[in-house]
Amino acid sequence: MPRRDMDSQPATPKAARIISLALIAGMVFFAVVVVGLIESGSFEASTTDDDDVFTTWLPLAGPILLLLTAPVGFMLRSQMLKKADEMEDPAKAAQPYLAGSILFMAMLEGPALLGIVTTLVTGSYFPNMLAPVMAIALGIANLPGERHFASRRELRGV
């Protein structure tokens, strides 16, 4: 079997994509389990309508946190990709590329998990599942791949 050219770095975009998909799958599977528990009646919500923290404030925390962390995640990933672009050696450029991709997905995962746990605690889907749905959609729309890694390097002529 012929050995791949190390300069093309095909494994890095693929690895970043696989890790990102695994993080997204974790959010989706956890949400499915929570919805299954609520719908089957095996889990009873532990809050009452009188509990202001869980019924009013906590459901808003997920979307607010997502509005704060998503732009930060975009910015940090952009800085990491810029750092990768500045490196002459493609093998060394792979590390900041991979780290930036994982960091971005992790920034989306926090608000999503908060929304899913809030759904589990309150037994209510809206607005609790708003942050997880938005985070999953953002993650899917911004999956890392060759277009982030190879095309940026080609623009510089590396």
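## A charge over a ring

The charged end of Arg77 sits over the ring of Phe104, 4.5 Å from the ring centre. A charge counts as over a ring if NZ of Lys or CZ of Arg is within 6 Å of the ring centre and within 35 degrees of the ring normal. This is a predicted model: local features need pLDDT of at least 70, side-chain atom pairs count only at pLDDT 80 or more, and totals for chains, interfaces and linings use all residues. Residues are numbered from 1 along each chain as its sequence is written, and side-chain values use heavy atoms, with hydrogens and water left out.

Phe104 also has an aromatic partner. The count of aromatic pairs comes to 1. Rings of Phe, Tyr and Trp (its six-membered ring) pair if their centres lie within 6.5 Å; planes under 30 degrees apart count as stacked, over 60 as edge-to-face and the rest as tilted. The ring centres of Phe74 and Phe104 are 4.7 Å apart and the planes stand at 45°, so this pair is tilted. Phe74 lies in helix α2 and Phe104 in helix α3, so the pair ties together parts that are 30 residues apart in sequence.

Buried means under 20% relative accessible area, exposed over 50%, and partly exposed in between (1.4 Å probe, protein chains only). Phe104 is buried, at 1% relative accessibility. Phe74 is partly exposed, at 30%.

## Overall layout

The protein has 5 helices and 0 strands. Its pattern along the sequence is α-α-α-α-α. Helices (H or I, at least four residues) and strands (E, at least two) are DSSP runs, numbered from the N terminus. Of the 158 residues in the protein, 37% are buried.

Contact means heavy atoms within 4.5 Å. Among contacts with a separation of 6 or more, 81% are between residues 24 or more positions apart.

## The nonpolar core

The largest nonpolar core holds 12 residues in all: Leu23, Ile24, Met27, Leu66, Ala70, Phe104, Met105, Leu108, Ala112, Ala135, Ile136 and Leu143. α1, α2 (52-86), α3 and α4 each give two or more residues to this core. α3 gives the most, with 4 residues. A nonpolar core is a set of buried Ala, Val, Leu, Ile, Met, Phe, Trp, Tyr and Cys residues joined through side-chain atoms within 4.5 Å. In soluble globular proteins, nonpolar side chains tend to be buried together.

Ile24 is one of the core residues. Ile24 lies in helix α1 (residues 11-40) and is buried, with a relative accessible area of 5%. Beyond its neighbours within four places in sequence, Ile24 contacts Met105, Ile136, Gly139, Ile140 and Leu143. Ile24 and Met105 are 81 residues apart in sequence, yet their C-alpha atoms are 7.8 Å apart.

## Helix α3 and its partners

Helix α3 (residues 90-122) has 33 residues. From first C-alpha to last, α3 reaches 48 Å, close to the 48 Å expected at 1.5 Å a residue. The expected span is 1.5 Å times one less than the number of residues in the helix. Gly123 follows α3 and has a positive phi, near 75°.

Ile102 is in α3 and is partly exposed, at 30% relative accessibility. Outside the four places on either side in sequence, Ile102 contacts Ile19 and Leu23. Leu23 in turn contacts Ile102, Met105, Ala106 and Glu109, leaving aside neighbours within four places in sequence.

Thr119 is also found in α3. Thr119 is buried, at 0% relative accessibility. Not counting residues up to four places away in sequence, Thr119 touches Val34, Ile38, Ser124, Tyr125, Asn128 and Met129. Pro59 lies in helix α2 and is buried, with a relative accessible area of 5%. The C-alpha atoms of Pro59 and Gly115 are separated by 6.9 Å, and the two are 56 residues apart along the chain.

A cis peptide bond joins Phe126 and Pro127, with omega about 0°. Pro127 sits in the loop between α3 and α4.

Asn142 is in the loop between α4 (130-141) and α5 (146-156). Asn142 is buried, with a relative accessible area of 15%. A polar atom of the Asn142 side chain lies 2.9 Å from the backbone oxygen of Leu138.

Notes:
A polar contact is a pair of N or O atoms within 3.5 Å; within protein, one must be able to donate a hydrogen and the other to accept it, and residues adjacent in sequence count only if both atoms are side-chain atoms.
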